[in-house]
Amino acid sequence: MRTRDLSYWVFLMPVLAALTLVVIAPLFLGIYYSFTDWNGIQTKGFVGFDNYIALFKDERFLNSLWFTTKFSVVSVILINLIGLSLALLVTAKLKTNKVLRTIFFMPNLIGGLILGFIWQFIFTKAFAGFGSIVGIESLQGWLSTTSTGFWGLVILMSWQMSGYIMVIYIAYLEGVSKELLEAAEIDGANAFQRFRSVIFPLVAPAFTVSMFLTLSNTFKLYDQNLSLTGGGPYNSTQMVAMEIFNTAFGRYDMAYAQAKAVIFFLIVAVVALVQVYINKKREVEM
Amino acid sequence: MKRKWRAGLLAASLSFAAILTGCSSKEEQVTLDVFQFKVEFKDQFEKVAKAYEKENENVKINITTVGGGEDYGAALRSKFASGNEPAIYNIGGPQDVADWLDKLADLSDSAAAKAALDGSLNGVSVDGKVLGLPYNQEGYGLIYNKNVFEKAEVDPASIKDFASLEAAVKKLDSKKSELGLQAVFALPGKETWVTGLHLSNAFLAPEFDNNVLTAFDSKTVDFKYGDAFKKVLDLQNDYSVQPTVSLDYSKQVEELFSLQKVAIIQQGNWVYGSIAGIDEDFANNGIGILPIPVEGYKGDTIPVGIPMYWGVNSKADKAVIEESKKFLDWLYTSDEGKETVLNDFKFIPAYEGYDSSKISDPLSKDVYEYAEKGKTIGWTFMGYPTGWGQDELGVQIQKYLSKKATWEEVVDATKKAWETDRK
């Protein structure tokens, strides 16, 4: 690469400028604000690490962090399982392949807020209606308890993201060479063995990518959370992004919310980097 | 290589051009940027502004509305933070006044401030300066369905205290199926403002002498009428469509009440528009307001107060401040303005000199009548600590409704939160 070439920098500059303006500068500004008592209108002074100390005793924040973690673990596993299964299904020799791909991918095209409202309707109306016909009491009042709210969010998220993750798996699955699979078949490997020992290692890079995407997306989830449960009942399904937003704009503790955001950023970054590092080690080169 | 160069330059210059065009253009005339929260009267307000522009050619009015389900306070902060400060904006009460003190012009010498009703400027006066002008008056209580009451032979006029309310509710409940009701009440536990701000206010205001400033200065909250509070909440919850914690405003007002599936909801005169949008006849002839009984204090009162105030940005140009004041004066004290306030905005005026017999919708009329007879409780929830009403009390009430907390726990937790905030 000729990195010293002037044209290289000319090309890069617009992107660098934009990146500095909307990502890097706000990040540093945010870190600065997290050490003050900024209330959104004025800054009275520095408070040092007070915000950070308070945050580790803040039950609300810790609860939402724990809820987000649980949600992310379950969602990452489910989304990848469903995504991979769908990918395997539509790469098999089926006549309806293309239609199915489109159908599975579709939910991803709908915005998160709208999806939340659609599913809210399904959970509160369709489930209740179905429940009263079949006579299952537990289908009434979905989203009104913590556990149904949790599973509601998981279902919504899996439904939305699986199709997207499926596309990534498809790309890698189609890259697996036919010769290898044939050779394995001739050697007497059955379908399961072929999947485990040939396909699985070869699509390992897809796991790295998809898991990174699902992990960061589920951790940062906000709009689906807002429109589906709104954090209720009693803030028990409130995820971190929403908790931070409410601290900032519900109580106008801007600086404190900023401190939470910094910690949240660090957590997401560390978790994502660790995950990518571990996954990378498992990849095999062809 | 040459082409690559050109493309690069183009990309660079385009991005700079995009940044630069953001900050040019200047106008000769005075522009009033209004940033307001009331979605319900957005169209009417814009129409009035147009009419005003026609009369005063040097003035241009830009109205931005953020409200309804949106968070106005948050939007206002971002608006100021972006450097694009509005000339006229809304403030809610003492906390807002304290927060925005540097950016509020003194409006004491305006005609509107002089015409404002007694007590309506309590929350926005600092050191004898008036920093805000009231929008209007609003009131809330238990809105009931007259047809259902008639069919069930319950006389709304007989409901004067908690016991009579409870008796009426029980009677309605026993005739639920023949009245075609799903339940008597629809309690929207999901809306923390309905429980945490409005309902609580009826029981906390007496403790603070109905004065928002007393609440704002108070270091503690006692829940002096806590038992009465619990009784009304329980009554609403026990006879409500379930589950209440996931019941929201639109389900309460539009789906259940407007379609006459429930007999009573706790809401204010602002729901008239929503109901009229669904069933105009029902909205005009079928609804009225019942009091929220506070046992041990007053039985037949409804809380009436000023929801929001107009503030003028003191950091704006002198000319802009002057024109802003003129516009607000015109809106509330000129004959033409008064007419619009009553007929188009459908406001309950918070100013003297209005012909109150012209108030058009039945809920506003009821509220005005209560106010006239002095059967009101003040709005003090604007004096709660920031976020306390919705984020603490409202959330605790959700916990209580889900049976995850007892009433004592709710009271204790919210008392503590109040004290921590006011330390």
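**Salt bridges and contact surfaces**

K375(B) is partly exposed, with a relative accessible area of 25%. On this scale buried means under 20%, exposed means over 50%, and partly exposed lies in between (1.4 Å probe, protein chains only). This is a predicted model, so local features need pLDDT of at least 70 and side-chain atom pairs count only at pLDDT 80 or more, while totals for chains, interfaces and linings use all residues. Residues are numbered from 1 along each chain as its sequence is written, chains are lettered from A and ligands numbered from 1 in the order in which they are written, and side-chain values use heavy atoms, leaving out hydrogens and water.

K375(B) has a partner. It forms a salt bridge with D300(B), with 3.1 Å between the closest N and O atoms. D300(B) sits in the loop between strand 10 (287-290) and strand 11 (302-305) of chain B, and K375(B) in the loop between helix 17 (362-372) and strand 13 (376-377), so the pair ties together parts 75 residues apart in sequence. A salt bridge here puts a side-chain nitrogen of Lys or Arg within 4 Å of a carboxyl oxygen of Asp or Glu. Helices (H or I, at least four residues) and strands (E, at least two) are DSSP runs, numbered from the N terminus.

Another pair in chain B is D173(B) with K176(B), at 3.7 Å from N to O. D173(B) is partly exposed at 26% relative accessibility. K176(B) is partly exposed too, at 28%. In chain A, salt bridges link D58(A), E243(A) and K260(A) in a network.

Over all chains, the structure holds 17 salt bridges. The pair R60(A) and D391(B) crosses between chains, from helix 3 (residues 59-91) of chain A to helix 18 of chain B. The distance is 3.5 Å, N to O. R60(A) is partly exposed at 23%, whereas D391(B) counts as buried at 15%. Side chains of opposite charge can pair when their charged atoms come close.

Now take the whole interface. Contact (heavy atoms within 4.5 Å) involves 33 residues from chain B and 31 residues from chain A. The two chains bury about 2,600 Å², with carbon and sulfur atoms giving 61%. Buried area is the accessible area (1.4 Å probe) that two parts lose on being put together, summed over both. Three salt bridges are counted between chain B and chain A. Five residue pairs across this interface are in polar contact, both at pLDDT 80 or more. On the chain B side, helix 1 (2-21), helix 3 (72-81), helix 4 (94-100), helix 12 (249-257) and helix 18 (388-401) each supply at least two residues. Helix 1 of chain B gives the largest share, 10 residues.

Domain 1 covers 29-137 + 306-353, and domain 2 covers 138-305 + 369-421; the bounds come from an automatic or database domain assignment. Their C-alpha centres lie 29 Å apart. Each domain of chain B brings 14 residues to the contact between them. Together they bury about 1,200 Å², 62% of it on carbon and sulfur atoms. P94(B), Q95(B) and Q137(B) supply 40% of the area that domain 1 buries against domain 2, more than any other three residues. One salt bridge is counted between these domains. K38(B) and E138(B) meet in a salt bridge at 2.8 Å, N to O.

Conventions:
A polar contact is a pair of N or O atoms within 3.5 Å; within protein, one must be able to donate a hydrogen and the other to accept it, and residues adjacent in sequence count only if both atoms are side-chain atoms.
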